[in-house]
Amino acid sequence: MHIYSDVMNELVERRFYNLYLGKDEERIFKAQVEQPADSVSIRRDVIRLQNEIYRDTLRLCVLYLDTIMTPRFNNQAYYEADTGKYSKQFIDIISSVSGNTQAVIDSLNQVQTKYGPAGFSLCTSRLLPITEVDKHYADCEIGILRISKLVMNEERTRGILYYEFRCGRQCGKGELLVIEKYNNRWHIRESVRSWVS
């Protein structure tokens with residue numbers, strides 16, 4: 001499995017508001033409101049629902065991959081001149097993978113186009129191209145995902161990428177991610193939120 005698939009599975013399962021669980025997710029969390037349970041029992045119910053979805057791929061929700069629109073980060077000088085917390089975190093993260101921060105910013109300003117929807121191995125959702133968003137009427141749609149090019153350190157042990165996720169007019173977020181490989185998979189180690197709605 002390639003790096004993007006590992007990261008996308010983690011995003012869908014942990015950062016996209018449990019939308020991949022479909023309508024059944026509402027049942028779990030509605031029951032929690034009506035009769036509060038501990039976090040262990042909620043997690044158990046979520047895992048049981050995940051397993052049901054994995055066994056019945058027709059229940060997989062759809063995530064649309066946008067490889068058309070590109071993010072727009074400012075140049076290095078902007079972030080170095082800005083005294084805000086976000087700019088400092090942004091430069092620190094970029095510097096952790098390369099000394100050429102402007103080259104990293106330039107890469108983050110390019111959308112990932114190397115892999116199309118068929119090139120990902122997702123166990124949590126079905127991935128379709130953004131061009132299908134108006135043609136496909138799924139029972140369960142997660143939203144639209146845009147991912148930047150991946151930038152790796154020289155040792156290829158750490159990388160950064162940026163993603164934007166939109167799940168409605170006022171639902172979504174953008175984050176810069178630091179990823180590292182352990183237990184034979186790539187995982188999100190750190191994130192810096194760029195925006196949320």
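Arg156 sits in the loop that runs between β4 (151–152) and β5 (158–168); helices (H or I, at least four residues) and strands (E, at least two) are DSSP runs, numbered from the N terminus. The model is predicted: local features need pLDDT of at least 70, side-chain atom pairs count only at pLDDT 80 or more, and totals for chains, interfaces and linings use all residues. Residues are numbered from 1 along each chain as its sequence is written, and side-chain values use heavy atoms, with hydrogens and water left out.

**Exercise 1.** Classify the geometry of the ring pair Phe16 and Tyr163, and locate both residues.

*Solution.* Rings of Phe, Tyr and Trp (its six-membered ring) pair if their centres lie within 6.5 Å; planes under 30 degrees apart are stacked, over 60 edge-to-face, the rest tilted. The structure holds eleven aromatic pairs. In the pair of Phe16 and Tyr163, the centres are 5.8 Å apart and the planes 55 degrees, which is tilted. Phe16 lies in the loop between α1 and α2 and Tyr163 in strand β5, so the pair ties together parts 147 residues apart in sequence. Phe16 is buried, at 0% relative accessible area, and Tyr163 is buried, also at 0%.

Methods. Buried means under 20% relative accessible area, exposed over 50%, partly exposed in between (1.4 Å probe, protein chains only).
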